[in-house]
Amino acid sequence: MMTNRKEFGAITLCIILLTGTSIFLLTGGVNAESPSYVWVDDDFTSSTSGWGTTHFDTIQNGVDAVAEDGTVYVYAGTYEENVVIERSLNLEGEDSNTTTLMGSGSGSGIYSNGIHGISIKNIFIQNYSIG
């Protein structure tokens, strides 16, 4: 049985600090929040600084990583993929003459299922059967 209030307070404080530290580490710490700005370049690789966090080689990976209302900036290149957007965001290409989302003749190119607050600019979308 504890008779000293200071000892009880110190033990309680240690438990709180250990619990908080454990939660911080288990949730990924400071990096647990999605970035508000990410960059996509088909030339990025796993050796690119920020790879998998803020730098990606596909538009879909950038869209999946960015925070709601964030911006996915797409550098010039041809991106052969279908993109599914599940939250409001800004999708901005470097230049519509050099930034292309290219389909294989089928699919929707960009699919959002009625999500509001999506802005797409400076991306040339071609060779899709829908949208």
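1. Let me start with P35, which is in contact (heavy atoms within 4.5 Å) with T53, T54, A65, V66 and A67, leaving aside its neighbours within four places in sequence. P35 and A67 are 32 residues apart along the chain, and their C-alpha atoms are separated by 5.5 Å. You will find P35 in the loop between α1 (5-26) and β1 (37-40). Helices (H or I, at least four residues) and strands (E, at least two) are DSSP runs, numbered from the N terminus.

2. A word on the basis of these notes: this is a predicted model, where local features need pLDDT of at least 70, side-chain atom pairs count only at pLDDT 80 or more, and totals for chains, interfaces and linings use all residues. Residues are numbered from 1 along each chain as its sequence is written, and side-chain values use heavy atoms, with hydrogens and water left out.

3. Now to the aromatics, where a search of the whole structure finds 3 pairs. Rings of Phe, Tyr and Trp (its six-membered ring) pair if their centres lie within 6.5 Å; planes under 30 degrees apart count as stacked, over 60 as edge-to-face and the rest as tilted. Y37 and W39 form a tilted pair, because their ring centres are 5.0 Å apart and their planes stand at 50°. Y37 is partly exposed at a relative accessible area of 34%, and W39 is partly exposed too, at 26%. On this scale, buried means under 20% relative accessible area, exposed over 50%, and partly exposed in between (1.4 Å probe, protein chains only).

4. The rings of F44 and Y75 have their planes at 80° and their centres 6.1 Å apart, so this pair is edge-to-face. The pair links distant parts of the chain, 31 residues apart: F44 sits in the loop between β1 and β2 (55-56), and Y75 in the loop between β3 (71-74) and β4 (77-79). F44 is buried, with a relative accessible area of 16%, whereas Y75 is partly exposed at 27%. Together with Y73, F44 and Y75 form one aromatic cluster.

5. N122 has a positive phi of about 60° although it is not a glycine; N122 lies in the loop between β9 (118-121) and β10 (124-126). With 34% relative accessibility, N122 counts as partly exposed.

6. The other asparagine is N127, also not a glycine, with a positive phi of about 70°. N127 is placed in the segment after β10 and is partly exposed, its relative accessible area being 44%.
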